[in-house]
Amino acid sequence: MENENTVYPFLNSDLAKKHFADTDFALKQGRHIQDFGTDHKMFVFMDEYYERGLQAYYEDLFGMKLVREETDHDRYYFLSFPDDGRGKLGKGNRSKELEDDRLIFAILLLNLYKDKFFEKKEVQWQELEHIFKESEHKELWLQLLYGSQKPNYSPGEEDSVKTKIGRILKSFEDLGWIYFINQEELHFGLLPAIDRVTKLYGDIINNVENLQAYFAHEQLS
Amino acid sequence: MKQDILQLISRNYKEILPQNEQTLLLLVWLNHKIERGDIEEEFTIRDFEEAIGEIADFLHEDKSIQKETLSKKISGINEKIQLASKRLRNLLDTLRHKQQFKINLEKFLHILLINGKNIKGEIILPDSFPRKKLPAEFTKYVSIPKIDFQLFNLAEPERTEMDKEYYQRQKDKNLSMLKIQEQTAKWLDRIDAEVKTGNEVRFEEWLDRIIEIENNLEVPIQVCYGLILRTKKNKSQELIIEQEKLLLHKAI
């Protein structure tokens, strides 16, 4: 066929006609694609063509790394910035920092994911509430979430915190890190792609002692 | 990871565990003797042979046959143990790494909680904290509206149909009220001028004149009310209201 693309063979496929556009939009919006729910078709397409031009396409034309990761035998895909630059998505408004509140909750959820090694990876609002109000670090959690430590909080304060956490969880759903079982009640499941946080902050987590020393020094000075 | 561990454990147990009761019993018995301190952990051939004898006695079997068979089996088990140990060592290293990572992860969360602040409802970390970026390209396609100027309507409100009769009635009513106010003002000025000359004004007399000229009871009432208000404000004027007793005569 005269129009056949040999550099990026995936472009010739029927699967690309059906799923490439959706996959491309999702990846550029920061989504992690895994074999789950509505992402299944995109996942199948990526799995099929990852080494048949798809990876090269993002590297050659966008300067971005299309990464295939695996955790607990579950594969997932995402776009990552190259080690030596920012690629085409590092310019302008094409990328954004993971906000501070989202980072804290991402680390919390990653912890829960690791804790639930032999369990169903589901989290209910009551479990989160228990962490905030009964756990070892409850004082820190309460101060951070409510802005003050009190024995009881008004229904308005409780609603405000729950709404805020609901928004954070929604952004994680958009990233493909969790899925909602009941969004209103903040009942959700943790997806393998939450492990991306390990890759994203791996350098800091593996050298956490340095970070601790750095902050201790900063507080003194 | 979970699957790895389960597979490895099941595979190694299968390989390590002897497939007959005599060998299994011998291993248990040797272990028991070591724990009890009867023999050393690195036991001698003599200890081993004694243990075989004891097991054979226990099972009421021929010692010479047992000794040879068990020796072969134990040697086979030893090889398998070596292989399984290597695998388990690797697994242990992986688990140690994972465990260390989990500890670090918990420390990291603790550091974030200590250094995070709630400022006006926003959770903020120190500026110096290293932040990571994610792709977030949300393509927006602006749709330009297509206007058909032939169907273009001026943005003027639609006029409601007028009820001419109602309109006239309202107009007459308002004019009549306006006239009453005008006439009231005129009469008040005239009475005021009279008062200023220092004369006593008997409103009773004025009342009759106003009714006669205006042919409307509303005007004298408004004038009376106006006079009361004016007199109250002006301390040089005095208002006297006479009260009359009305006698009712019973018809006899």
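Two strands pair if DSSP finds at least two bridges between them. Helices (H or I, at least four residues) and strands (E, at least two) are DSSP runs, numbered from the N terminus. This is a predicted model: local features need pLDDT of at least 70, side-chain atom pairs count only at pLDDT 80 or more, and totals for chains, interfaces and linings use all residues. Residues are numbered from 1 along each chain as its sequence is written, and chains are lettered from A and ligands numbered from 1 in the order in which they are written.

**Exercise 1. Work out the strand order of the open sheet in chain A.**

Step 1. Start with β1(A) and β3(A). Two bridges join them, and they run antiparallel. Gln34(A) has Tyr76(A) as its bridge partner in β3(A).

Step 2. Turn to β2(A). Seven bridges join β2(A) to β3(A) (residues 74-80), again antiparallel. Opposite Arg68(A) stands Tyr77(A). Opposite Val67(A) stands Phe78(A).

Step 3. Read off the order: β1-β3-β2, three strands with antiparallel pairing. The edge strands are β1 (33-34) and β2 (65-71) of chain A, each pairing on one side only.

Step 4. Inspect the turn. β2(A) and β3(A) form a hairpin with two residues between them. Asp72(A), in that turn, has a positive phi of about 50 degrees.

**Exercise 2. Describe how α4(A) packs on α5(A).**

Step 1. Take the axes, which are lines fitted to C-alpha atoms, for helices over the stretch in contact; angles run from 0 to 180 degrees between N-to-C directions. Those of α4 (125-134) and α5 (138-146) of chain A come within 6 Å and cross at roughly 105 degrees.

Step 2. List the contact (C-beta atoms, placed from the backbone, within 7 Å). α4(A) supplies Ile131(A), Phe132(A), Lys133(A) and Glu134(A). α5(A) supplies Lys138(A), Trp141(A), Leu142(A) and Leu145(A).

Step 3. Sort by class. Ala, Val, Leu, Ile, Met, Phe, Trp, Tyr, Cys and Pro count as nonpolar, Asp, Glu, Lys and Arg as charged, and the others, Gly among them, as polar. The contact has five nonpolar, no polar and three charged residues.

**Exercise 3. Characterise the side of chain B that touches chain A.**

Step 1. Count. 34 residues of chain B are in contact with 40 residues of chain A.

Step 2. Assign. α4(B) gives the most, with 14 residues.

Step 3. Classify. This side has 18 nonpolar, eight polar and eight charged residues.

Step 4. Check the strands. Three bridges join β4(A) (95-97) to β3(B), which run antiparallel. Lys96(A) has Leu134(B) as its bridge partner.

Terms used: Contact = placed C-beta atoms within 7 Å.
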